[in-house]
Amino acid sequence: MREDTGRAQVEDTPELEAYYRELEAHEAGALWSVANDIEPWFPQPTSVPVLWRYRDMRPLIMRAAELVTPEKASRRVVMLVNPGRRDVSACVGSLYTGIQIMLPGEAASAHRHTSSALRFVMEGEGAYTVVDGEKLRIHARDLVLTPNWTWHDHGNEGTTGPCIWQDGLDIPLINALEANFYEVNPDRFQTPTRPVDASYLAYGGGGLRPTWDDANRPYSPLWKYPWEPTYEALQRAALEHDGTPWDGVLLEYVNPRTGGPIMPTMGASIQLLRPGVHTQAHRHTGNVVYQVAQGRGFSIIGGQRFDWEEKDILVVPTWTLHEHANGSTTEDAVLFSFNDLPTMKALAVYREEAYVENGGHQLLARTVELAGVLP
Ligand SMILES: [Fe+2]
Ligand SMILES: [Fe+2]
């Protein structure tokens, strides 16, 4: 065997094994015994691609509403857990997601934490969130932010049925950094101190920025991105451009003061797949959680096909090939997603690679197996 591969290849001997035990006894170790694992050639996600069908999850979420109260649970949420990341309650990589339900008249008390949160509303009328004294009315497909260390409580003032939304947080990341703090508001519920939807009143004008706000927050000053203007913007952008071969027409939700991501650790996007579109595959560092905002279709993730419809949630682990297809030749499909790309970019570890073989489309794992490419 060549001795200069540049990677560790020391073979165990009784003498070395005894030496390793001696090192262990001194809280030390031989780097060469783990080097190839802790510094892999390329990212080795422990997360796997998963799709959670809303039609399967909704009855389970309704059961949670029968079994526990928001008072007892603090937040009544069914979390979505990746089989490869159960130990840290992540849905993919270092991202957490869950589905929260509030029945008419219910409210969840105020708290804050170092983890940043966002929510994308799935169904229901009458929900609100209060973020640092600002009451935000929220409707289906609105994106709402509760950034790092902002007080937040929420409830359902409606009378017609449950309000259900998807929560997305960076909990596993902040825990990996061992930087999580948590505080309960002594007042239980915040008394709003600003007009309803204040941040949207000030910053909802797209390319227009209020001149009087000089607060330099490390996150977006806009806390609600309502669906209608978002969808309109997506349709307008689609008149101008086809987007990219890998993402279609993809718009990023941004901090209107900086044009940067909505929060330091997490970004979010809305993506239009035109009728009949099937994007080419690519992969990148960073994990992505999708919720189908509209339409039906399928994604191929790591050679596996996942068919989706409205409100289904699916995840793409880091450095895993993915491509998306609109299943309709007449209707748009729209994917909401959130991700940890701002973290990857801030830490200068973002990389992206297009898949160039086979016209940019992955062979399905089964097909690959049949072709004898895989053992
Ligand atoms: Fe929270
Ligand atoms: Fe992507």
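The model is a predicted one, in which local features need pLDDT of at least 70 and side-chain atom pairs count only at pLDDT 80 or more, while totals for chains, interfaces and linings use all residues. Residues are numbered from 1 along each chain as its sequence is written, chains are lettered from A and ligands numbered from 1 in the order in which they are written, and side-chain values use heavy atoms, with hydrogens and water left out.

The lining of the largest pocket comprises 23 residues, with Pro-43, Ser-94, Asn-287, Thr-318 and Met-344 lying nearest its centre; a lining residue has an atom within 4 Å of a point. At least two lining residues come from each of helix H5 (171–176) and helix H8 (341–346), helices (H or I, at least four residues) and strands (E, at least two) being DSSP runs numbered from the N terminus. By class, this lining consists of 12 nonpolar, nine polar and two charged residues, with Ala, Val, Leu, Ile, Met, Phe, Trp, Tyr, Cys and Pro counted as nonpolar, Asp, Glu, Lys and Arg as charged, and the others, Gly among them, as polar.

The second largest pocket holds about 500 Å³ of space, and Gly-206, Tyr-225, Pro-229, Thr-230 and Ala-233 are the closest to its centre of the 19 residues that line it. Two or more residues of this lining are given by each of helix H6 (198–203), strand S12 (224–225), helix H7 (227–240) and strand S13 (249–253), and the largest share, four residues, comes from H7. The lining of the second largest pocket has 12 nonpolar, four polar and three charged residues.

Because His-113 lies in strand S4 (residues 107–113) and His-152 in strand S9 (residues 152–156), the pair ties together parts that are 39 residues apart in sequence. His-113 is buried (under 20% relative accessible area, with a 1.4 Å probe and protein chains only), with a value of 9%, and His-152 is buried at 2%.

The iron ion (ligand 2) is coordinated at 2.2 to 2.4 Å by His-282 (NE2), His-284 (NE2) and His-322 (NE2), spaced H-x1-H-x37-H in sequence. His-282 is buried, with a relative accessible area of 2%, as is His-284, with 6%.

Asn-339, in strand S21 (residues 333–339), is buried at 5% relative accessible area. Its side chain reaches the backbone nitrogen of Leu-341 at 3.0 Å. Beyond residues up to four places away in sequence, Asn-339 touches several others (heavy atoms within 4.5 Å), including Leu-95, Thr-265 and Asn-287.

Ala-127, found in strand S6 (residues 127–131), is buried at 4%, and its C-alpha atom is separated by 43 Å from that of Phe-42, 85 residues apart along the chain.

How values were computed
1 Å grid on protein atoms, 1.4 Å probe; cavity = no way out; pocket = protein on both sides within 12 Å on 5 of 7 lines; lining within 4 Å. Points joined across faces, edges and corners; volume = space filled by probe spheres on them. Donors = N, O, S within 2.8 Å, 3.2 Å for Na, K, Ca; no water. Buried < 20%, exposed > 50% of the residue type's maximum accessible area, 1.4 Å probe, protein only. Polar contact = N/O pair within 3.5 Å; in protein donor to acceptor, adjacent residues only side chain to side chain.
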